[in-house]
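Take a walk through this protein with the model open beside you. Look up each residue as it comes.

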Amino acid sequence: MSASFSEIISNPPMLDGVIIGAGFSGLYTLWKLREVGFSVKILELGSAIGGTWYHNRYPGARVDSGIPIYQLSIEKAWSNFEWSEKFPGREEILRYFEHLDKTLDLRKDIEFNTRVVSATFDESLHLWEVKTLSGRSMLTRHLILCVGSCSKKYIPEFSGLNKFRGQLYHSADWPEENVPLRGKHVAVVGTGASGVQIIQEIGPIVDHLTVYQRTPNLALPLRQTKSRDVPFAQRSQYKEAFAKTRTTFGGMDFDFAPKTFSDSTPQQRKSLYESTWAIGGFNFALANYAEIYFDQSANNAVYAFWRDKVRQRVKNEATRDLLAPLVQPHPFGTKRPSLEQSYYEVFNQNNVDLINVKESPILEIIPTGIKTADGRHVEVDVIILATGFDTNTGGILNISIKNGGGTSIAEKWGQRTSTFLGITVSGFPNMFLLYGPQAPTAFSNGPTCIEIQADWMIDLMVDMRSKKRARVEADKQAEDVWVAMVRHVWEISLFRKAESWYQGANIPGKRREPLNFAGGIPAYRKTLNECRDEGYRGLHFK
Ligand code: N01
């Protein structure tokens, strides 16, 4: 560490917390830590707040969790913000972030355009030294990583990528200026949440669209509601909705059906499928039978319903078989289903082609387009790589984080990712992860998971302050128990069967392991609360 103890004492720019990232988790943490009297700063790579919503500006970007629950539950913020749609688009969400900034006075404690390159813990001072790319250094008691679960983009190593003469963008790297697509020949690679939204948005305006699909997205109807037509959420109901999110599997304001699949008659099942389908959003996935994530026969039934609904919408038989195959490509819901409004109809347009890259992978990018293994060349002006992210761990491992013994987080996670409760890491004192690995992250409404984790962490920091404790660190054994729990839930679920980013299967060479806790929000909260109520069992203090 570059500063000596006497320098720190005589020159105290030392903070209680440095937060990395100004998305939902960073902003909520900043506000709440300040409310309880801690000194804290956010360092943010981008030039504005919003996190994933700042960085992901691709055409059609829109949230898949509905209002009122896709916002912070801070009354001062929600009580005077008007949402125009149940599932708002990026512009409206950025307007909301601006509102958060004004209402909560956030910006004064955020440093923008600041890339954190390293964080090193000093064993004797119990402090982190955080360094930025520009060479600045800051001392902080706590290091709080709010870097987002999808912040490190993944670009497949296609040969010839840099020889392409047209425009090439990753979905998370879309330019701020308008990219004219009207009249253009465009290729979209990838049909995850980003790809589905892009395809649906640009299909109707481009001259020609070629979609490269490896795995079909088992997408669900969004069913947008405009507040001018139907008031979809009364403010008087917000508090109840936020409270409900703490009690449901996915942190939504609805939960699985109370009855089981096995106890339901075929007619009751059909009626549940139809009603959840008609409501739209994630209802078909998360207000369905809980067994669909654990029992293959329950899952098969749901898949068959989904398939038949979608197949009716696609005219061409070969395209239909690719988008909604007769045999399920993976258990329904075990890869992230997107929400769509007109995705399937786009493939009925004459200007849209669908290429199956499972059968015929992309061989190379040629100067004028894309060549697949079957020898087909498609000439395009623009290639959009909607190929996803090195999720959950990528954003954290992007920073050189070292503990007092000189061990990096990359070394610590060399054999397996391990955390205690998805929030702390043994061997890395005074460091917290929010919305990261081994938490309900991917399986929950973002703001719900984030607030639960941040509230727990802040209670802990307040407790430490009151007891004059300078350092907290997870116990290795307690961490092992949590990692085993995450794995156990994973192994008994159907999630294990899908080649998903939930378990790191989307990145060639990335180790497969459960990166998300699939036990649901109530079980997660119970574990956090028990830990706190038992005097922070599993944590060591100094
Ligand atoms: O990324 P993805 P994403 N050749 O990994 C394909 C959040 N999000 O950016 O499925 C050809 O899901 C890959 O194929 P396969 C949300 O949590 C939220 O879309 O691996 N194809 C897949 O189709 C989401 O889950 C929102 O077989 C290749 C696609 O690229 C997460 O971000 C909106 C390939 C990647 O899909 C990530 O979504 C957007 C190759 N070599 C994102 N490599 C909302 O809330 C990969 N693919 C609305």
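**A buried arginine**

The side chain of Arg-311 reaches the backbone oxygen of Ala-324 at 2.9 Å. That is a polar contact: a pair of N or O atoms within 3.5 Å, where within protein one must be able to donate a hydrogen and the other to accept it, and residues adjacent in sequence count only if both atoms are side-chain atoms. Arg-311 belongs to helix H10 (residues 296-311). Helices (H or I, at least four residues) and strands (E, at least two) are DSSP runs, numbered from the N terminus. Arg-311 counts as buried because its relative accessible area is 15%. Buried means under 20% relative accessible area, exposed means over 50%, and partly exposed lies in between (1.4 Å probe, protein chains only).

Some ground rules come next. This is a predicted model, in which local features need pLDDT of at least 70, side-chain atom pairs count only at pLDDT 80 or more, and totals for chains, interfaces and linings use all residues. Residues are numbered from 1 along each chain as its sequence is written, and side-chain values use heavy atoms, with hydrogens and water left out.

Now turn to the ligand. How many residues surround the ligand? There are 24, and the closest are Arg-62, Ser-194, Arg-214, Thr-215 and Lys-335. A residue is near a molecule if one of its heavy atoms lies within 4 Å of it. Helix H6 (residues 193-202) gives the most to this shell, with 3 residues. The shell divides into 11 nonpolar, 8 polar and 5 charged residues. Here Ala, Val, Leu, Ile, Met, Phe, Trp, Tyr, Cys and Pro count as nonpolar, Asp, Glu, Lys and Arg as charged, and the others, Gly among them, as polar.

Look at single atoms next. A polar side-chain atom of Thr-215 lies 2.5 Å from an oxygen atom of the ligand. A backbone N or O atom of Gly-192 is 3.4 Å from a ligand oxygen. For a polar backbone atom of Asp-64, the distance to a ligand oxygen is 3.5 Å. The protein covers 86% of the 910 Å² of accessible area that the ligand has on its own. Such areas come from the Shrake-Rupley method with a 1.4 Å probe; for residues, only the protein chains shown count as cover.

Aromatic rings are the next stop. The structure holds 40 aromatic pairs. One of them joins Trp-277 and Phe-284 edge-to-face, 5.2 Å centre to centre, with 85° between the planes. Rings of Phe, Tyr and Trp (its six-membered ring) pair if their centres lie within 6.5 Å; planes under 30 degrees apart count as stacked, over 60 as edge-to-face and the rest as tilted. Trp-277 is buried, because its relative accessibility is 8%. Phe-284 is buried too, at 1%. Tyr-343 and Tyr-344 also pair edge-to-face, at 5.0 Å and 75°. Both Tyr-343 and Tyr-344 are buried. Ring pairs also link a cluster that includes Phe-249, Tyr-293 and Trp-490.

End with the backbone. Most residues other than glycine have a negative phi, and most peptide bonds are trans. A cis peptide bond, with omega about 20°, joins Ile-67 and Pro-68. Pro-68 sits in the loop between helix H3 (52-55) and helix H4 (75-78). His-126 has a positive phi, near 60°. Is His-126 buried or exposed? His-126 counts as buried, because its relative accessibility is 17%. Lys-468 has a positive phi of about 55°. Lys-468 is exposed, because its relative accessible area is 76%.
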